[in-house]
Amino acid sequence: MTTIIDTAAIQALDSAHFLHPFTDFKDMSARGARIMTHAEGIYVWDSEGKKVLDAMSGLWCVNVGYARKELAEAAYQQMMTLPYYNSFFQTANVPAVQLAAKLASLAPNVGDRSFEHVFYSSSGSESNDTNVRMVRRYWDLLGQPQRKVIIGRINGYHGSTMAAASLGGMSGMHAQGDLPIPNITHIEQPYFFENGLPGESVEAFGLRAAGWLEEKILQIGADKVAAFIGEPVQGAGGVIIPPATYWPEIQRIVDKYGILLISDEVICAFGRLGHWFAYEKFGMKPDLVTFAKGVTSGYIPLGGVMVGNRVAKVLIEQGGEFNHGYTYSGHPVACAVALANLEVMEREQLPQRVHDDIGPYLARCFAALNEHPLVGEAQTCGFVAGLVLVKDKRTKERFAEELGVGMVCRGHCFGNGLIMRAVGDRMIIAPPLVMTHAQIDEMMALITKCLDLTYHDAQKNGWMA
Ligand code: PXG
């Protein structure tokens with residue numbers, strides 16, 4: 001497919017009218033946006049005809065790959081049947097109901113926590129706002145209205161609305177607009193490479209990092225803490241994979257103090273880590289599970305919260321009217337696309353494929369990157385991966401932030417037809433779950449080439465130790 005587009009004209013309109021998310025408007029306007037025109041499988045093309053391998057699945061979401069006819073068909077059929085109706089006033093629509101039942105069937109029961117109910121939104125951010133509303137309502141109904149504090153993590157990401165940005169621990173976001181909002185606080189992330197002590201094992205570090213939660217709870221007063229929220233694997237923070245000991249210990253602590261656990265699986269669910277839901281992988285027993293992105297493979301906006309029985313029972317049996325919801329809660333087209341997307345994932349057994357086949361294959365490929373002179377540590381989990389660029393491999397010394405080594409590497413990736421994200425000095429990927437082994441090899445060759453180019457730049461500029 002060829003698309004002829006006047007790139008300069010579109011760029012001029014773009015800078016005249018479109019304020020992009022997380023963007024320095026003036027800077028981008030001066031440089032011009034790259035205009036993406038079409039996509040197929042794991043590749044995206046820009047308006048200059050350049051083909052790029054999208055190792056980020058768009059923004060962690062295109063799990064089934066681009067241009068899947070089944071999803072487009074489902075949207076078309078639903079738009080011609082019932083393009084919209086609300087779910088507010090004792091009404092429902094078929095896809096929203098069917099999807100809720102489907103999600104409930106896919107979410108594994110863990111211990112006394114089972115997931116039979118879904119609350120819909122249109123994004124991860126909105127879903128986390130819903131979580132705040134639900135958690136507070138739950139404790140009010142139980143006669144403990146003083147339990148207000150929700151604990152998140154530094155460098156966690158939960159979205160960009162006022163509540164979601166507050167739950168997250170991104171200092172750059174908190175610096176703009178008086179965040180976090182009251183009664184949200186944070187503990188340090190479980191990032192072994194950065195925070196592990198000399199001689200400390202990864203397992204011991206995982207327990208120590210989870211212990212920061214208990215310290216925080218005791219500092220606040222256990223009777224004031226409502227919930228803890230975390231991503232099973234931190235995505236936007238740079239693919240921070242916790243030690244195996246971390247989540248079981250967090251679970252022990254939240255159980256000890258009767259605190260709710262929210263697993264934000266906007267990135268981690270729907271096959272990304274080799275399971276339908278990631279809590280199963282990590283020994284977590286969450287009360288609430290945030291989802292979005294992969295539920296529709298990003299083809300159309302949809303998000304929501306899986307509400308575990310402990311919370312659902314109270315809201316249903318004692319709650320009366322819950323004064324919360326969105327125009328698009330249970331949008332029929334979004335839900336129809338989600339059903340088609342889940343059907344593709346089931347038919348192609350994508351979670352299983354990540355678990356048994358391409359996940360382990362990617363892990364072997366990334367393990368080899370640990371030999372690269374610029375790489376301090378390369379790790380994968382399911383089908384996400386991250387590596388840290390270091391100045392000195394032996395001492396793990398990092399590059400000064402202002403050198404922007406990650407952006408240099410990202411520039412080489414862009415130039416060589418690969419989309420790989422930089423988060424500070426970490427390079428990360430989350431490729432579509434439909435990648436073949438040959439495509440993984442192709443991606444790894446590009447990654448290695450771009451690391452080599454970055455290494456040469458670093459040497460040339462005198463950045464290496
Ligand atoms: N929770 C998690 C774990 C996320 O990754 C959100 C919530 C918010 O979802 P919405 O749909 O409101 O954007 C996300 C989103 C990045 C990046 O730079 C990551 C996200 C969004 C934008 C940028 O990696 N994740």
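Reader: How far apart do the C-alpha centres of domain 1 and domain 2 lie?

Author: The protein chain is divided into domain 1 (34–64 + 349–460) and domain 2 (73–347), with bounds that come from an automatic or database domain assignment. This is a predicted model, in which local features need pLDDT of at least 70 and side-chain atom pairs count only at pLDDT 80 or more, while totals for chains, interfaces and linings use all residues. Residues are numbered from 1 along each chain as its sequence is written, and side-chain values use heavy atoms, with hydrogens and water left out. Between the C-alpha centres of the two domains the distance is 27 Å.

Reader: How many residues does the contact take from domain 1, and how many from domain 2?

Author: Contact here means heavy atoms within 4.5 Å. On that criterion, the contact between the domains takes 33 residues from domain 1 and, from domain 2, 32 residues.

Reader: Which helix gives the most to the shell around the ligand?

Author: The ligand is surrounded by 16 residues, where a residue counts as near if one of its heavy atoms lies within 4 Å of the molecule. Each of domain 1 and domain 2 contributes at least three residues to this shell. Helices are DSSP runs (H or I, at least four residues) numbered from the N terminus, and α3 (57–60) and α6 (124–141) each supply at least two residues of the shell. The helix that gives the most, with three residues, is α6.

Reader: How many residues of the shell around the ligand are charged?

Author: In this classification Ala, Val, Leu, Ile, Met, Phe, Trp, Tyr, Cys and Pro count as nonpolar, Asp, Glu, Lys and Arg as charged, and the others, Gly among them, as polar. The shell divides into six nonpolar residues, six polar ones and, as charged residues, four.

Reader: What share of the area that the ligand exposes when taken alone does the protein bury?

Author: Gly-124 has a backbone N or O atom 3.0 Å from an oxygen atom of the ligand, while for the side chain of Ser-125 an N or O atom is 2.5 Å from a ligand oxygen. A polar side-chain atom of Arg-421 also lies 2.5 Å from an oxygen atom of the ligand. Accessible areas come from the Shrake-Rupley method with a 1.4 Å probe; taken alone the ligand exposes 540 Å², and the share that the protein buries is 83%.

Reader: Why does Val-344 count as buried?

Author: Val-344 sits in helix α14 (residues 332–347), and, leaving aside neighbours within four places in sequence, Val-344 is in contact with Val-64, Arg-68, Glu-70 and Leu-71. Buried means under 20% relative accessible area, exposed means over 50%, and partly exposed lies in between (1.4 Å probe, protein chains only). Val-344 counts as buried because its relative accessible area is 0%.

Reader: Which side chain does a polar contact of 2.8 Å join to that of His-372?

Author: His-372 is placed in the loop between α15 (350–369) and β11 (375–381), and is buried, with a relative accessible area of 9%. A polar contact is a pair of N or O atoms within 3.5 Å; within protein, one must be able to donate a hydrogen and the other to accept it, and residues adjacent in sequence count only if both atoms are side-chain atoms. At 2.8 Å, the partner of the His-372 side chain is that of Asp-452.
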